[in-house]
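Work through the exercises below with the model open. Try each task before you read its solution.

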Amino acid sequence: MTVARSILLFLVAALAEIGGAWLVWQGWRENRGLLWIAGGIIALGVYGFVATFQPDPNFGRILAAYGGVFVAGSLAWGMLVDKFRPDRYDLAGATICLVGVAIIMYAPRAS
């Protein structure tokens, strides 16, 4: 159950961070206005709290692993929201990142 909870938290964190950054991008770069930017700032704040619920107590480990989730999640967001088409190198890189996440977070460790 702990691994499933951890994965769910990584997905929620990715949604909040990538979504928040996208909202800021839309508000500023696409001239959609301050409400979009404000929504992005709130979402980015939510992301900061979500990571604190990870079961592992090590900040560095959580953020390092989340980096891999962010890479893959950003490509997925681009595909779903912006109709971006990743090439095989994007997909290979994202796969490598997710393997890294699995090793960092879920490898057996001595207590």
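**Exercise 1: a salt bridge**

The whole structure holds 1 salt bridge (a side-chain nitrogen of Lys or Arg within 4 Å of a carboxyl oxygen of Asp or Glu). The model is predicted: local features need pLDDT of at least 70, side-chain atom pairs need pLDDT 80 or more, and totals for chains, interfaces and linings use all residues. Residues are numbered from 1 along each chain as its sequence is written, and side-chain values use heavy atoms, without hydrogens and water.

Task: Which side chains meet in a salt bridge, and at what N to O distance?

Solution. Step 1: the partners are Arg 61 and Asp 56, at 2.9 Å from N to O. Step 2: check burial (buried is under 20% relative accessible area, exposed over 50%, partly exposed in between; 1.4 Å probe, protein chains only). Arg 61 has 24%, so Arg 61 is partly exposed. Asp 56 has 18%, so Asp 56 is buried.

**Exercise 2: the surroundings of Trp 36**

Task: Where does Trp 36 sit, and which residues is Trp 36 in contact with, leaving aside neighbours within four places in sequence?

Solution. Step 1: Trp 36 lies in helix H2, residues 34-50 (helices are DSSP runs of H or I, at least four residues, numbered from the N terminus). Step 2: apply the contact rule (heavy atoms within 4.5 Å). Beyond those neighbours, Trp 36 touches Trp 22, Leu 23, Val 24, Gln 26 and Gly 27. Step 3: take Val 24, 12 residues away along the chain; its C-alpha atom is 6.2 Å from that of Trp 36. Step 4: Trp 36 has a relative accessible area of 29%, so Trp 36 is partly exposed.

Notes:
Helix = DSSP H or I, 4+ residues; strand = E, 2+ residues; numbered from the N terminus.
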